[in-house]
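Trainee: I would like to learn how to read a structure, feature by feature. Can we go through one together?

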Amino acid sequence: MPRLRLLGGIALLAVSATGCGMAAAAPDREATVPAEPTRIDFVDPATVAGLAPRTLTEGESAGRHVHISYPELPGAARLNALLRQEAERELRDFHDTTSAVDSLPRPELNVDWQLAAAGDVVGVRLRTGEYRGADWGNATRTFWYDRHTGRATGSAGLLAGTDALREVSRLVRNGLKERGPDVDRDQVSAERGKLDSMAFNADGDLVVEFDDCQIGPCSLGRLAVAVPAAKVTPLLSPTGLRAQQSVRESARQVARAAYTPKRSVPAAASDRAGTVDCAAVKCVALTFDDGPGPYTAELLDVLREAGARATFFPVGSGVAAEPELLRRMRDEGHLVGNHTWDHRDLSRLPTSKIADQLGRAGDAVAAAIGQRPTLVRAPYGEVSLDVRNVARERKLSLVGWDVDSRDRQGGEPAEIAARTVRQAHPGAIVLMHDLDRTAVDAVPGILEELQGKGYAFVTVPELYGTAGMQAGRVYTSGIGPSRKEPLT
């Protein structure tokens with residue numbers, strides 16, 4: 001994959017990625033392209049038993065905005081290692097080529113994922129976005145794991161060797177003729193890294209994706225070609241054949257499933273709200289961002305034992321992968337908010353993409369717990385006027401914080417706990433994360449110290465009592481200035 005050229009052209013990916021439709025070629029063409037041929041129907045991660053999202057992030061004050069997410073699957077150690085190496089490489093390269101800055105806008109790296117297949121062969125599509133001060137640029141890589149052989153590979157592993165890769169390159173170049181002179185077809189070759197994102201559509205056609213600006217103007221956005229199954233099947237490796245069959249079978253199962261219409265869902269609320277009067281009792285709201293993580297279940301155990309409630313702001317892609325943890329939050333009296341779909345800095349996005357980030361994440365939470373979140377925390381705490389306006393339209397209140405535990409900056413659990421307790425005050429909103437061992441280990445000390453001082457731990461809306469929270473407003477504390485309209 002060539003380094004991203006950040007000149008513009010961002011493609012919006014929903015649950016399924018639909019590419020630029022090319023006019024159907026004549027029957028004797030070698031790469032016949034049907035309507036919406038580059039659509040990839042991704043597998044619902046909640047249907048894959050044992051799958052867990054993993055995340056690499058950097059703190060809000062680190063000088064860079066970083067959020068890298070990838071899946072970890074049971075019984076796929078080599079794939080897990082490969083994905084971890086890719087995530088670490090992305091982070092290392094980003095550090096090597098950017099500088100941490102104290103002012104806005106900060107450089108941003110964001111990596112999210114989808115499952116292109118999840119049967120005998122697993123396909124994981126990583127989508128990288130980078131911002132270096134000009135505009136977003138996006139790139140994709142798709143990795144494959146064959147459970148029959150135990151082998152993890154890049155997309156080239158779907159094909160039966162170098163000759164097959166050359167033939168697919170030729171078929172792709174032929175298909176690109178329909179795109180006109182703006183596309184540089186000579187950039188398509190069997191050279192290493194050129195065709196690093198390949199998957200199958202529901203018909204078994206091979207979908208070949210290109211990065212933004214890789215073979216044409218950035219204004220083209222996502223550019224992809226579908227090579228028909230009849231042409232590509234003879235070129236597939238045994239792993240490729242199994243992957244193709246897995247995708248086809250998955251598509252048949254989806255087609256047979258009964259359609260369930262969307263139903264209205266109530267607003268998210270703690271079923272224990274109102275049991276504490278924060279006008280009479282010292283209240284603190286613990287909030288946890290970026291999960292679910294590997295220690296979220298343990299954190300819930302700690303909160304339950306202490307009789308404490310919290311507000312969780314999970315990332316939508318993680319919610320889709322581990323909905324059972326969200327249901328446990330709901331059932332144990334906690335409140336679930338919205339932290340966008342994949343943790344991009346909303347203040348840099350146009351309103352349509354802000355709405356998509358909030359809408360997809362809200363839908364994921366609603367599907368998991370039967371309640372739609374009414375609170376949102378903007379990634380990195382970056383809020384613009386557009387973010388506030390979209391939040392207002394979607395009836396979402398924006399939640400900041402006035403106590404930063406700085407748990408993402410490392411240190412011993414006791415240090416994190418002591419720092420948090422020192423800053424705590426009645427009405428405080430405390431920022432924490434449920435991704436790291438040290439952060440979760442700090443929570444028992446925070447609970448013990450503050451409960452000993454007479455504090456109760458409640459969800460964010462409980463801080464505001466009967467006054468409630470208004471859509472589009474930013475709330476950073478349950479006392480004083482936070483009740484006024486803040487400047488953003």
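Trainee: Is Thr275 buried or exposed?

Mentor: Start with the cut-offs. Buried means under 20% relative accessible area, exposed means over 50%, and partly exposed lies in between, using a 1.4 Å probe and protein chains only. Thr275 has 56% relative accessibility, so Thr275 counts as exposed. One caution: this is a predicted model, where local features need pLDDT of at least 70, side-chain atom pairs count only at pLDDT 80 or more, and totals for chains, interfaces and linings use all residues. Residues are numbered from 1 along each chain as its sequence is written, and side-chain values use heavy atoms, leaving out hydrogens and water.

Trainee: Where does Thr275 sit?

Mentor: In the loop between helix H4 (238-256) and strand S12 (282-289). Helices (H or I, at least four residues) and strands (E, at least two) are DSSP runs, numbered from the N terminus. The chain has 11 helices and 20 strands.

Trainee: Which backbone oxygen lies 2.7 Å from a polar atom of the Thr275 side chain?

Mentor: That of Arg272. Now look across the sequence. Thr275 and Val458 are 183 residues apart in sequence, yet their C-alpha atoms are 9.4 Å apart in space.

Trainee: What does His425 contact?

Mentor: Contact means heavy atoms within 4.5 Å. Leaving aside neighbours within four places in sequence, His425 touches Cys283, Val284, Asp402, Val403, Tyr455, Ser477 and Ile479. With Asp402 there is a side-chain to side-chain polar contact of 2.7 Å. A polar contact is a pair of N or O atoms within 3.5 Å; within protein, one must be able to donate a hydrogen and the other to accept it, and residues adjacent in sequence count only if both atoms are side-chain atoms. His425 lies in the loop between helix H10 (413-423) and strand S18 (428-433). Its relative accessible area is 21%, so His425 is partly exposed.

Trainee: How are two packed helices described?

Mentor: By the angle between their axes and the distance between the axes. Take H5 (residues 296-306) and H11 (residues 437-452): their angle is about 10 degrees, and their axes are 10 Å apart. Axes are lines fitted to C-alpha atoms, for helices over the stretch in contact, and angles run from 0 to 180 degrees between N-to-C directions. Under 35 degrees counts as roughly parallel, over 145 as roughly antiparallel, 65 to 115 as roughly perpendicular and the rest as oblique. H5 and H11 are therefore roughly parallel.

Trainee: Which residues of H5 meet H11?

Mentor: Glu298, Leu299, Val302, Leu303 and Ala306. Among their partners in H11 are Val440, Pro444 and Leu447.
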